[in-house]
Amino acid sequence: MSTLSTSLPGGTWTLGDLTVTRFGYGAMQLAGPGVMGPPADHDGALAVLREAIELGITHIDTASAYGPRVTNQLIHEALHPYPESLHIVTKVGATRDEHGGWPPARQPEDLRRAVHENLETLGLEVLDLVNLRLGNAQGPQPGSLAEPLETLVELQQQGLIRHLGVSNATAEQVAEARAIAPIVCVQNMYNLAYRQDDELIDELAEEGIAYVPFFPLGGFSPLQSSALSAVAARLDATPMSVALAWLLQRSPNILLIPGTSSVAHLRENLAGARLSLSDEELAELDKIGR
Ligand SMILES: NC(=O)c1ccc[n+]([C@@H]2O[C@H](COP(=O)([O-])OP(=O)(O)OC[C@H]3O[C@@H](n4cnc5c(N)ncnc54)[C@H](OP(=O)(O)O)[C@@H]3O)[C@@H](O)[C@H]2O)c1
């Protein structure tokens, strides 16, 4: 496993004391439509997870809110007992309503319940890394994160969580979090076309903190750009490959968690992320989100 992992595009990164492949896997879209309920193809979902491990991926991103519980249960069914090298990253701070919405759930009791639900559904005694998800479906929102983060610090002190991160956070919230506890990663929306966090990424890189873009391929509406398609065509690659290779080259602290429910797309994305983009191609791609 370890020999395979180091041969993945981008190599590895260390989150606290956990080494992960920079090319990871985001499991959210394994649940049913709208991230609610079971997948249409249960065995297909298990096959994607098993293939991720076979390929050498050692970082899977999930949350008990996905499904809810469905994605974690799939991970458990496909991969438990987990290989020692695998690190499963979860998030807490949002729940699901009957319409499939994602209302915030950041009261101390919500967070305690969510941590225990993640432990139980994943079949773990300790969660490697828990992201505190802030803001709402519209994106980050200003405001103090002290109370919810302190609740997670308590759970960490009880031995239920190894490392902490924040998600959907403003730069001010990241700074506030870092003043309260060691933060090993920030998981925010970012991709070739959505570049709100450029400055934050560079700052975090200097501090040795990982930046994990969610929606690296555009999320529910995959990236579409004529400039991206033109570069991809010239390289005889897919636009998705170019988008992932660009992220890996954008900064060494960027970790990828692209989602897919297809083994073929998983293989294609991993192979494609190896692309080496020239300065000229990078400059061309840079214009898309600026
Ligand atoms: N912290 C947060 O608030 C937050 C929010 C959203 C997501 N996340 C995390 O971020 C991860 C990634 O986000 P995401 O999965 O929603 O979005 P994404 O990785 O940007 O895109 C996934 C979409 O791209 C498609 N896709 C993947 N590879 C493809 C290929 N080679 N060709 C064509 N289409 C392809 C997938 O469809 P197929 O299934 O057909 O391949 C899927 O619809 C999630 O799994 C989740 O863990 C976190």
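Predicted model: local features only at pLDDT ≥ 70, side-chain atom pairs only at ≥ 80, totals over all residues.
An oxygen atom of the ligand is 2.8 Å from a polar backbone atom of Gly 219, and an oxygen atom of the ligand is 3.2 Å from a polar backbone atom of Gly 218. The side chain of Asn 269 also takes part: one of its N or O atoms is 2.8 Å from a nitrogen atom of the ligand. Taken alone, the ligand exposes 910 Å², and the protein buries 88% of that area.

The aromatic rings come next. The model holds five aromatic pairs. In one of them, the ring centres of Tyr 190 and Trp 246 are 6.0 Å apart and the planes meet at 20°; planes under 30 degrees apart count as stacked, so this pair is stacked. Tyr 190 lies in the loop between strand 8 (183–187) and helix 7 (198–207), while Trp 246 lies in helix 9 (residues 239–250), so the pair ties together parts that are 56 residues apart in sequence. Both partners are shielded by the protein: Tyr 190 counts as buried because its relative accessibility is 0%, and Trp 246 is buried too, with a relative accessible area of 2%.

Another pair, Phe 214 and Phe 215, is arranged edge-to-face, with 5.0 Å from centre to centre and 80° between the planes. Here the cut-off between buried and partly exposed, 20% relative accessible area, falls between the two partners. Phe 214, at 17%, therefore counts as buried, whereas Phe 215, at 23%, is partly exposed. Elsewhere, ring pairs link Tyr 190, Tyr 211 and Trp 246 into a cluster.

Asp 286 touches both Arg 195 and Trp 246, leaving aside residues up to four places away in sequence. Asp 286 has its place in helix 11 (residues 279–286), and because its relative accessibility is 25%, it counts as partly exposed. Leu 270 is 16 residues from Asp 286 along the chain, and the C-alpha atoms of the two are separated by 22 Å.

How values were computed:
Residues numbered from 1 in each chain as written. Heavy atoms only, no water. Polar contact = N/O pair within 3.5 Å; in protein donor to acceptor, adjacent residues only side chain to side chain. Areas by Shrake-Rupley, 256 points an atom, 1.4 Å probe, with all protein chains shown as cover. Helix = DSSP H or I, 4+ residues; strand = E, 2+ residues; numbered from the N terminus. Buried < 20%, exposed > 50% of the residue type's maximum accessible area, 1.4 Å probe, protein only. Contact = heavy atoms within 4.5 Å. Phe/Tyr/Trp six-rings, centres within 6.5 Å; stacked < 30°, edge-to-face > 60°.
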